[in-house]
Amino acid sequence: MPVITAPHAFNESQLYVDLEPVLGCPLLLKCEGFNFAGSIKLKAATEMVEAAERDGRLKPGSILVESSSGNLGIALSMIAASKDYRFLCVTDSRCNLSTRLLMEALGSRVHTITSPNAEGGFLGARIDYVRALCDSDDRYVWLSQYTNPSNWKAHYRKTAPEIAQYFPRLGVLFVGAGTTGTLMGCARYFRQWHRPVRIVAVDSVGSVSFGGPPGRRMIPGLGMSMPPPLLDESYVDEVVRVEETDTIRVCHRLARRGFLFGGSTGTVVSGAMRWLDAHDTREITAVAIAPDLGERYLDTIYQSNWLYDLYGEDLLDPEEAVGGPREAGPVPAFPESRQPPPPEDR
Ligand SMILES: Cc1ncc(COP(=O)(O)O)c(C=O)c1O
């Protein structure tokens, strides 16, 4: 029976869903959403904060600052509250309402950027703001998830060994790529320990992480609009790219069986299913990582109007769809409360 005094002290690491009976696919899904921050980003946030404390950058009186509009912002809000640091999350007007409310409920301040900058878009404008803050006052400490090696080290030290412990004969691991912290930490671990594991990165169509043209991406978590600084492609055996429509279909198929996962899980599972379909899987142990759960996506991926407005009415077979029926009358594409989160940031 775990008894804790700090919220980040609990993180369920041993839960897998066998997708064979659910989707007819020989895949085990490692669930990373069962902690107080609700996502895999708790690991990166904890590792980055502890490293900054160890090297003396983060100390009593420091103010953490990070550009985020999603899971990392929530994880940092939780840790900052628990360790008595102040945290300022710099986000933009596309951040969804529930994420902002969650961060504020945890005591964080949220600064919302309302206009993109000419070259770097919203992400560029957010980073400019963070830099200016840090220049103005040395109490600000920016962890910088895109470049911070502690991001991938968290998964090298935790996520990968957790998997290796239960699957000594692991054949293939599917990992979604955002900042590529999870991907690089797992890939480095299995390479270092000479395990013959195929590392398959799963990315969204429209992301430029592994080359390819930029395009519209509405589902947050995976994909980048600039090359990820942490990525070293020499550790990646294959890349699978997934269309958002396929992501959504898989999310709804899982929800129909009672498993409500986040968007990036739909992407990773969809990519893994395609890969497994094209390979001989009789002897292979296949694991995929599910970064979070579905509640944060109730007003997007699991909301009929959002889906139909963006992807059209034929996206889902009525047998597959979950979520209420389409409301009558015209519905604006993005009412204030349904703003999609920025795809390029986590
Ligand atoms: C829901 C979700 N999925 C996937 C990822 C990607 O993880 P990483 O940044 O380690 O590549 C993130 C990152 O924030 C996320 O929030």
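Figure 1. An unreviewed UniProt entry carries the annotation "domain: Tryptophan synthase beta chain-like PALP", which covers residues 19-291. The structure shown is a predicted model.

Figure 2. The strands are arranged in the order 1-2-10-7-8-9, with mixed pairing. Strand 1 (16-18) and strand 9 (238-242) form the edges, each pairing on one side only. On average, and with direction ignored, neighbouring strands of this sheet are turned by 25° against each other.

**Figure 3. Pairing of strand 8 with strand 9.** Strand 8 (residues 198-204) and strand 9 run parallel and are joined by five bridges. Within this pairing, Val 200 stands opposite Glu 238 of strand 9. In general, the strands of a sheet pair through backbone hydrogen bonds, in either a parallel or an antiparallel manner.

**Figure 4. Helix 3 and its surroundings.** Helix 3 (residues 71-83) comprises 13 residues and reaches 18 Å from its first C-alpha to its last, close to the 18 Å expected at 1.5 Å a residue. Because 10 of its 13 residues are buried, helix 3 is largely enclosed by the rest of the structure. The buried residues are Asn 71, Leu 72, Gly 73, Ile 74, Ala 75, Leu 76, Ser 77, Met 78, Ile 79 and Ala 80. Their cover includes helix 2 (41-54), strand 3 (63-67), strand 4 (86-92) and helix 4 (97-105).

**Figure 5. The residue following helix 3.** Asp 84 follows helix 3 and has a positive phi, near 65°.

How values were computed:
Residues are numbered from 1 along each chain as its sequence is written. This is a predicted model: local features need pLDDT of at least 70, side-chain atom pairs count only at pLDDT 80 or more; totals for chains, interfaces and linings use all residues. Two strands pair if DSSP finds at least two bridges between them. Helices (H or I, at least four residues) and strands (E, at least two) are DSSP runs, numbered from the N terminus. Axes are lines fitted to C-alpha atoms, for helices over the stretch in contact, and angles run from 0 to 180 degrees between N-to-C directions. UniProt positions are given in the numbering used here, feature names are shortened, and annotations may be inferred rather than shown by experiment. The expected span of a helix is 1.5 Å times one less than its number of residues. A residue is buried if 20 or more other C-beta atoms lie within 10 Å of its own, exposed if 12 or fewer, and partly exposed in between; C-beta atoms are placed from the backbone. Two residues are in contact if their C-beta atoms, placed from the backbone, lie within 7 Å.
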